[in-house]
Amino acid sequence: MAKMNMIQALNSAMDIAMGRDPSVVVLGQDVGFFGGVFRVTDGLQRKYGEHRVLDTPIAEGGIIAAAIGMGVNGLRPVAEVQFADYVYPAYDQIVSELARLRYRSAGDFFAPVTVRMPCGGGIRGGQTHSQSPEVLFAHVCGLKVAMPSNPYDAKGLLIGAIEDDDPVILLEPKRLYNGPFDGDPNKPAVPWSAHPKGEVPADHYAVPFGRAEIVRAGSQVTIIAYGTMVHVAEAAAQALKLDAEIIDVRSLVPLDVDTLCNSVCKTGRCVIAHEATRFAGFGAELAATVMEHCFWNLEAPIQRVAGWNTPYPHAFEWEYFPGQARVAMALKAVMEPK
Amino acid sequence: MSVHVFKLPDLGEGTVSAEVVNWLVKPGDVLKEDQPLVEMSTDKAVVEIPAPVSGRVLTITGKPGDVIAVGAELATFDTALAGATPAADTKPAAAAAVAGASAAQPPHRPVAAPAGEAAQVRASPATRRRAQEAGVDLARVAGSGTSGRITSEDLQAAIAARGAPAGGAPQPGAAQAGAARPAPAKGATAAEVEEIPVIGIRRVIAQRMSEAARSIPHFSYVEEVDISALHAMREHLNATAPKGAAPLSYLPFIVAALVRALQRYPQCNAHYDAAREVVLRHRAVHVGIATQTSEGLKVPVVRNADQLKLRALAAEIGRVTAAARDRSAKREELGGSTITVTSLGKLGGIASTPIINMPEVAIIGVNRAVERPMVVAGAIAIRRMMNLSSSFDHRFVDGADAAGLIQALRDLLEHPATIFIAE
């Protein structure tokens, strides 16, 4: 085991995948010579050469299109979109080409492409560096979508994604790159080295898709979250002294319905938390799924905690970010009906 | 017709619901504003609620024993008749017609719908499932939650209150509920077994006693006290009292001595706030006086007993207990005690194991005073003896402290002048 932050864990995942399989290539803006704006690809070009770690023009549509072509022709590309906020020029390539290739060709062609993108707020990045567009991908058939909340899962999911023969969108909460974040920006930053999930095997392992993780077992209420909100939810439940069961979804598509619904059927109460905009967010899918499976066990209406229905603001970031206070309000609301 | 909907107001101190004790009106009656409408019981006090407007009563919600949520509809009035004289409108036929019309087209849904009436039930899915499994018709259960929602506790109470089916036909789900329900003796008839619904004050007593017995690890401590000197002092004070002064019982002396003893043992004059996990030690001593009333046990409170001299203390004990008995006690006079004294006087027996009045941590029980042969200085002497049987919350009161309090109390009562001598 080694101590790693999420950046080092992701870097280790690509390093291992490239070392094991010469068909794995990395491409994106500034991923090669510079090592990535968040240093996630640092050192890879020096180690594996310019022909395997490619700096691309600032053209997201082109990055994904090139990755698809590489994938169809036998490579395993890992494409980085520098910020999830920049993915929209590539959206047509992802939705119309990448996601459908296997279906459109009746299984003759496929492209094992992994698309990495830093997402989420809490870094004073304003509306162009803070978005959480996971639901735009979760809604598209043919894509796997995952968002880790810690270095261990980040490495395991990225290795799993690279080795998967179909496209995977890996959203990386950039506020968690250097340490866990409980939603309070006034607290000093905490490094991953102090967190159990900062213990990461140096070797190869994969975290399977479609499996959520029970971060904390509890009996009174189930909190379903992913990414940064896992840590916010833990802090909010602790502050309220609630015996909450906290579930990290990890893999949005495919979704681990059993783990989620077994928990809610047990506790009878459910709070869903994500950073992304509430309206038609992934929480709506989670709420509907829970309702379908757990209706007769529900003691109270399911509560959602999410970003407001506005673009991510430049100012008032901490009014927008669904921090502990908003999670606590939802927990109180869901605990109130006896 | 102009309909005024009257919702149950907040009756104070964050009351969330109240129980119907007695309707003073019926649909069809014509009332003037402020005329008594209904008696409602909160945790302990019974409150008479006046009519908020003048008009004719269209509907009333709930029968005696039903719990109505604050904010839920209590009654509706037709205020268009405000100017009409009662005599013109209380003809039975007219009243019946109005009542019938309103029953056919109720303007608002009552919280507890009468049997047979299809009413929309507010309850969580989980409560609905449990009700179905237990064979309970939620339309017949009163809701104490927000907007009349039937809570899980309401359902539990309904299941617990449900008697055995009278006609012998088993109710659906009787198998599950049967285990918790005492079956009447075989062949018992209504003439042999009287069913007494647990409602009102009795329900509050039952809930509080169960909770205290369930959650507090009680221990009881019994000590005998030689009150011969106290008896003599009391006789003297009563013999020399100013004309018209009420005779003194032992109780004010015991309360005065307790206040004194608590100065040394403040851990017994406390509340436990379970939600926050803190013990609240009170500087003031508010003494609850367990009082038998025609409705059952109540605990009226002598506030700031530590500030009162003996006769004022006696007068205040007399006042609050009388108010509890004649139901004139205000809500705030029936709560907020920091320690409780329970005394049954001549019925006090020789020992008892009183249940603590939550959230307090101690209760002082007073047993019967009686002359007994005792050994004094090597010889048998007739002394007036009285036992104190007290219970303590062992989580927060250690045995040594409980014993210390009772020994201090005994010492004061055996040397009664010291109760009144400032140190």
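Two strands pair if DSSP finds at least two bridges between them. Strands here are DSSP runs of E with at least two residues, helices are runs of H or I with at least four, and both are numbered from the N terminus. With that in hand, take strand 2 (residues 17–23) of chain B, which pairs with strand 7 of chain B in the antiparallel sense over three bridges.

A word on what you are looking at: this is a predicted model, in which local features need pLDDT of at least 70, side-chain atom pairs count only at pLDDT 80 or more, and totals for chains, interfaces and linings use all residues. Residues are numbered from 1 along each chain as its sequence is written, while chains are lettered from A and ligands numbered from 1 in the order in which they are written.

Chain B has eleven helices and 17 strands. Of its 423 residues, 33% are buried; a residue counts as buried if 20 or more other C-beta atoms lie within 10 Å of its own, exposed if 12 or fewer, and partly exposed in between, with C-beta atoms placed from the backbone. Take the contacts in chain B between residues at least 6 apart in sequence, and 64% of them join residues at least 24 apart.

**A buried strand in chain A**

Why is strand 2 (residues 24–28) of chain A described as largely enclosed by the rest of the structure? Because five of its five residues are buried. Both faces are covered, with Val24(A), Val26(A) and Gly28(A) on one side and Val25(A) and Leu27(A) on the other.

This strand of chain A has parallel partners. With strand 4 (residues 76–80) of chain A, strand 2 of chain A forms five bridges in the parallel sense, and Gly28(A) stands opposite Glu80(A) there. With strand 3 (residues 53–55) of chain A, strand 2 of chain A pairs over three bridges, also in the parallel sense, and Val26(A) faces Val53(A) across that pairing.

**Two helix pairs**

Axes are lines fitted to C-alpha atoms, for helices over the stretch in contact, and angles run from 0 to 180 degrees between N-to-C directions.

| Helix pair | Axes | Angle |
|---|---|---|
| Helix 8 (residues 250–264) and helix 10 (residues 399–414) of chain B | within 9 Å | roughly 135° |
| Helix 1 (residues 6–20) and helix 7 (residues 151–163) of chain A | 8 Å apart | about 25° |

Angles under 35 degrees count as roughly parallel, over 145 as roughly antiparallel, 65 to 115 as roughly perpendicular and the rest as oblique. Helix 8 of chain B is therefore oblique to helix 10 of chain B, and helix 1 of chain A is roughly parallel to helix 7 of chain A. A crossing is left-handed if the near helix is turned anticlockwise from the far one by less than a right angle, and right-handed if clockwise. The chain B pair crosses right-handed, and the crossing of helix 1 and helix 7 of chain A is right-handed.

For classes, Ala, Val, Leu, Ile, Met, Phe, Trp, Tyr, Cys and Pro count as nonpolar, Asp, Glu, Lys and Arg as charged, and the others, Gly among them, as polar. In the chain B pair, the contact includes Ile254(B) and Arg260(B) of helix 8 and Leu405(B) and Leu412(B) of helix 10. Its residues divide into nine nonpolar, no polar and two charged. In chain A, the residues that meet include Met6(A) and Ser12(A) of helix 1 and Pro151(A) and Lys155(A) of helix 7. That contact divides into twelve nonpolar, one polar and one charged.

**Where the chains meet**

Nine residues of chain B are in contact with nine residues of chain A. On the chain B side, helix 3 (125–134) and helix 4 (152–161) are the elements giving two or more residues, and the largest share, three residues, comes from helix 3 of chain B. By class, this side has two nonpolar, four polar and three charged residues.

How values were computed. Contact = placed C-beta atoms within 7 Å.
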